[in-house]
Amino acid sequence: MAAKAGPTTAPPRRTGRDRVPPHPDVRTVGLQQAMEALVDPVRRLIVRELHAARRDLACGAIDLPVGKSTATHHFHVLREAGLIRQYYVGTSRMNALRAEEFDEAFPGLLGAVVGAPEQR
């Protein structure tokens with residue numbers, strides 16, 4: 001005998017606050033993790049673009065030389081290293097450079113990265 005199915009309920013609707021990924025306290029990020037996040041040229045490009053824009057940017061607003069899934073990985077690494085804060089506006093994932101917080105934890109590092117010419 002088959003079990004009688006109960007009423008189905010839709011999953012609760014997620015709000016923008018529910019969709020914000022976790023962000024580390026920059027003071028808990030080690031120098032090794034910060035340096036590893038900044039060693040990749042694509043991640044440095046993201047950091048430079050956010051710094052130059054002086055405003056939050058959607059992931060798609062930054063022209064990257066990689067596919068979407070790879071770009072997502074790079075944003076994740078930067079977020080986990082405390083370099084960016086991500087949040088949603090509608091369906092767009094926005095990125096904010098955590099320059100002040102990062103500079104408190106690693107004085108001068110971010111300035112050196114954004115000010116250095118990219119080696120080709």
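A salt bridge is a side-chain nitrogen of Lys or Arg within 4 Å of a carboxyl oxygen of Asp or Glu. The structure described here holds four salt bridges. It is a predicted model, in which local features need pLDDT of at least 70 and side-chain atom pairs count only at pLDDT 80 or more, while totals for chains, interfaces and linings use all residues. Residues are numbered from 1 along each chain as its sequence is written, and side-chain values use heavy atoms, with hydrogens and water left out.

**Overall organisation**

- The protein has five helices and three strands; helices (H or I, at least four residues) and strands (E, at least two) are DSSP runs, numbered from the N terminus.
- Read from the N terminus, the order of the elements is α-α-β-α-β-β-α-α.
- The protein has 120 residues, of which 33% count as buried; buried means under 20% relative accessible area, exposed over 50%, and partly exposed in between (1.4 Å probe, protein chains only).
- Among contacts between residues at least 6 apart in sequence, 63% join residues at least 24 apart; contact means heavy atoms within 4.5 Å.

- Helix H2 covers residues 41–53. At 1.5 Å a residue, its 13 residues should span 18 Å, and the end C-alpha atoms are 18 Å apart, which agrees. The expected span is 1.5 Å times one less than the number of residues.
- The buried residues of H2 are Val42, Arg43, Arg44, Ile46, Val47, Arg48 and Leu50.
- These buried residues pack against several elements: helix H1 (31–38), E1, helix H3 (68–80), strand E2 (84–89), strand E3 (92–97) and helix H5 (109–115).
- An α-helix has 3.6 residues a turn, so residues three or four places apart point the same way.

- Arginine 43 belongs to helix H2. Although buried, arginine 43 has no salt bridge, and the nearest side chain of opposite charge, that of aspartate 40, is 4.4 Å away. Lys and Arg count as positive and Asp and Glu as negative, whereas His and the chain ends are not counted.
- Beyond its neighbours within four places in sequence, arginine 43 is in contact with Glu36, Ala37, His73, His74, Val77 and Leu78.
- Histidine 74 is located in helix H3 and, at 6% relative accessibility, counts as buried.
- Residues up to four places away in sequence aside, histidine 74 touches Asp40, Val42, Arg43, Ile46 and Val66.
- Histidine 74 and alanine 37 are 37 residues apart along the chain, and their C-alpha atoms are separated by 8.3 Å.

**Salt bridges**

- Arg85, Arg98 and Glu101 are linked in a network of salt bridges.
- Arginine 98 is buried, with a relative accessible area of 4%.
- Glutamate 101 also forms a salt bridge with arginine 85, the closest N and O atoms being 3.8 Å apart. This pair links distant parts of the chain, with glutamate 101 in helix H4 (residues 99–105) and arginine 85 in strand E2, 16 residues apart.
- Both ends of that pair are partly exposed: glutamate 101 at 34% relative accessibility and arginine 85 with a relative accessible area of 33%.
- A further salt bridge joins the side chains of glutamate 80 and arginine 79 (3.8 Å, N to O). Glutamate 80 is partly exposed at 29% relative accessibility, whereas arginine 79 is buried at 6%.

**Aromatic pair**

- The structure contains one aromatic pair, formed by phenylalanine 102 and phenylalanine 106, whose ring centres are 5.0 Å apart and whose planes stand at 45°, so the pair is tilted.
- Rings of Phe, Tyr and Trp (its six-membered ring) pair if their centres lie within 6.5 Å; planes under 30 degrees apart count as stacked, over 60 as edge-to-face and the rest as tilted.
- Phenylalanine 102 is buried, with a relative accessible area of 0%, and phenylalanine 106 is buried with 9%.

**Backbone at arginine 54**

- Arginine 54 is placed in the loop between helix H2 and strand E1 (57–58).
- Arginine 54 has a positive phi of about 55° although it is not a glycine. Most residues other than glycine have a negative phi.
- With a relative accessible area of 68%, arginine 54 is exposed.
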